[in-house]
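Hi everyone, thanks for making time. I'd like to talk about charged side chains today, so let me put the structure up.

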Amino acid sequence: MSKTFYIETFGCQMNAHDSEKVVGTLEQQGYAQVQDEAEAGLILYNTCSIRDKAEQKVFHRLNEYKRMQGEGKKFAVIGCVAQQEGEKIFDRAPYVSIVAGSASYRNLPGMLDRLERGDTRITGLDDKKTTETFETPFVARTNQHRGYITIIEGCDKFCAYCVVPYTRGNERSRTAASVMEEARRMADAGYTEIQLLGQNVNSYRDPSGAMTFAELLHAVGTIPGIRRVRFTTSHPRDFTRDIVEAIDATPTLCDHVHLPVQSGSSAVLAAMSREYTREWYLERIAWMKAAKRSISITSDIIVGFPGETEKDLEDTATLLDEVGYDAIFAFKYSMRPNTPAIHMPDSIPEEVKVARLQVLLDRQREIQRVNYERHLGEVMEVMVEGHNRQRNQVVGRSSQNKTVNFTTSQLIFPALGSYQTVRVTQTFPNSLLAEAI
């Protein structure tokens, strides 16, 4: 087998960062990454099981790979769908040689060794109860300026609709010392923005007991060279007031919090096993609104959960008004394998889910239009992320995680990863237009 590999990644930022660590591990084992699957000796498919029919999409993609099996290529399915479907993948796609969940990534060197010796059914599916995390200095980061650090893996919340605890295992945190060491290495390498990751990032519990999550945020934010620190995704049950205090006290902590609510109805939240109420959630929102800094708040919402009534939908709509989110990610409910909700009758017709989703999106768009208008004339700092030469604009992102497209009088566009001060000249529901100062 040629020691070249091609990797295809689907899903969230956690999956994207997992792939960075997998790539780094492969390269450390002597493999070379290629950008064309036709040139690869090993093809890896890093999967996500959150979206509807995720497993069907995986098998469809594997069927496309089938034509390559006669070319001496090897195939690996890793990630959440690998853990969810397990050895059934071998049965449906016998040309696959490795099936491994994310909790087994630290064993990749051994799996690769077995692959090179000729083994054809290699699994990493038995580690969901592990207390170990996937830590490696060999991370092939794809962005030279913004980097991720996973500080907690897995999930213990067992929300009724969510497959993550069954695919990524129990919650397990890295020590604060190891997180700080990686963050310092990144700062020394020139990274200026760090994003701390976890399925429930604020559920972090330092095994050594040295730092709380809020203290870790502050510590990372005081590393010389680091200009921005973000974190995602937070869970309301573990969102504590000291997180807001850390944002207020540490200028490098971005003034943006993503706090998924899923529903504005306490009855639906109870059915979802979220273990908090609308009032509990709004108390945490009140902490952020009382902060010295203006904190941008975004959220996730599920529409059409089994049993959701028109009154429940209205409760969610009024929550949008009360919070005034800067953005939401809203989805129609779909059943996921192994979750408690799969046993609930999916009583909401598809056309009703579609209509309810549109109601929320329309209301949210108006909220965002008003919110973004408040930035008109504001001076802010943006990190340069790209260049739109057709429009003669620079694409950047604010501390509040808002897209800012700006013009500059300089003949040469500012470098990617640089920070520019701009004044907002026009606003839209999803972005800001500005000019460099």
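Predicted model: local features only at pLDDT ≥ 70, side-chain atom pairs only at ≥ 80, totals over all residues.

As a reminder, side chains of opposite charge can pair when their charged atoms come close. I'll walk through a few of the pairs.

Let's begin with E87 and R121, which form a salt bridge with the closest N and O atoms 3.6 Å apart. Where do these two sit? E87 is in the loop between α3 (80-85) and α4 (88-92), while R121 is in the loop between α5 (108-116) and β6 (122-124), so this pair ties together parts that are 34 residues apart in sequence. As for solvent, E87 is partly exposed at 42% relative accessible area, and R121 is partly exposed as well, at 44%.

Next up, E350 with K332: here the salt bridge is 2.6 Å, N to O. E350 belongs to helix α13 (residues 350-373) and K332 to strand β14 (residues 327-332), so the contact links parts 18 residues apart in sequence. E350 comes out partly exposed, with 42% relative accessibility, and K332 is partly exposed too, at 33%.

Now let's stay within one helix. R369 and E373 make a salt bridge, and their closest N and O atoms are 2.7 Å apart. They're four residues apart in helix α13, so about one helical turn separates them. R369 is partly exposed at 32% relative accessibility, and E373 is partly exposed at 40% relative accessible area.

Conventions
Residues numbered from 1 in each chain as written. Heavy atoms only, no water. Salt bridge = Lys/Arg side-chain N within 4 Å of Asp/Glu carboxyl O. Buried < 20%, exposed > 50% of the residue type's maximum accessible area, 1.4 Å probe, protein only.
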